[in-house]
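Please work through the following exercises on aromatic rings and their surroundings. Each task is followed by a solution in steps.

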Amino acid sequence: MENRTNFFHLHLISDSTGETLISAGRAASAQFRSAQPIEHVYPLIRNRKQLLPVLQAIDDAPGIVLYTIVDRELASLIDERCVEMGVASVNVLEPVMNAFQIYLGAPSRRRVGAQHVMNAGYFARIEALNFTMDHDDGQMPDDYNDADVVIIGISRTSKTPTSIYLANRGIKTANIPIVYGVPLPESLFTTTKPLIVCLIATTDRISQVRENRILGATHGFDREHYTDRAAISEELKYARSLCARHNWPLIDVTRRSIEETAAAIVALRPKLR
């Protein structure tokens, strides 16, 4: 039987992919550690026939309802039924659109999926993703001057996931591992366009993450050296010395999420231009 003091149902209704709602719901839920959400995501709800089973599901498992539905009739139906069920509902985009309408003095188009239109920005993100995947883990070093950002760092400093997150924002990102005693590609030192930034973390944090990684290591993997704190300290010292020599900024990712690390990198770009 479900413990209602520890879990709650979070219903997310969208007429598009639901990405906006999922982000908003998780951001709000993270502020309440005493209860964990059980997410129910209903994407692409665009007519009454699709909505009615969703409302029944909410009635069967009451909780909090967040929705992004631009059709006024469907939005009104959600609000009315939630009032009848005694369930809290919030139209996440409506207050934001109202603010835009007041400031711009024009009504919104209320077009479903408008944020996903295949415009120049969309294709820039696809190009950035392709570039980032091609330049993961030190691949294709001759193209680094075509990057917007080059991330360097020792193993297990979240270089690849940070690169992919930046690419999703249209930022071409390459990443290069720093290996103690092994020189970085010569092309890195001749680039003029990209921001070069190094990710570091505490010795304890890197050792902990590496301990988890070795569970799937291949035969012959040097487990002892890979997780040894003294060896990791030397790797970090080597990385710091490289960055000091070339005036590359450092970002400590020990207590940062991927999103926070990416935001710090984005903030550095205009400062170093």
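The model is predicted, with local features requiring pLDDT of at least 70, side-chain atom pairs counting only at pLDDT 80 or more, and totals for chains, interfaces and linings using all residues. Residues are numbered from 1 along each chain as its sequence is written, and side-chain values use heavy atoms, without hydrogens and water.

**Exercise 1.** Determine how Tyr180 and Tyr238 are arranged.

Solution. Rings of Phe, Tyr and Trp (its six-membered ring) pair if their centres lie within 6.5 Å; planes under 30 degrees apart are stacked, over 60 edge-to-face, and the rest tilted. The centres of Tyr180 and Tyr238 are 5.4 Å apart and the planes form 85 degrees, an edge-to-face pair. Tyr180 lies in the loop between strand S6 (173–177) and strand S7 (195–200) and Tyr238 in helix H9 (residues 229–246), so the pair ties together parts 58 residues apart in sequence; helices (H or I, at least four residues) and strands (E, at least two) are DSSP runs, numbered from the N terminus.

**Exercise 2.** Classify the pair of Phe189 and Trp248.

Solution. Their ring centres are 5.8 Å apart and their planes lie at 20 degrees, so the pair is stacked. Phe189 is in the loop between S6 and S7, and Trp248 in the loop between H9 and strand S8 (250–252), 59 residues apart.

**Exercise 3.** Which residue lies over the face of Tyr226?

Solution. A charge sits over a ring if NZ of Lys or CZ of Arg is within 6 Å of the ring centre and within 35 degrees of the ring normal. Arg210 lies over the face of Tyr226, at 4.5 Å from the ring centre.
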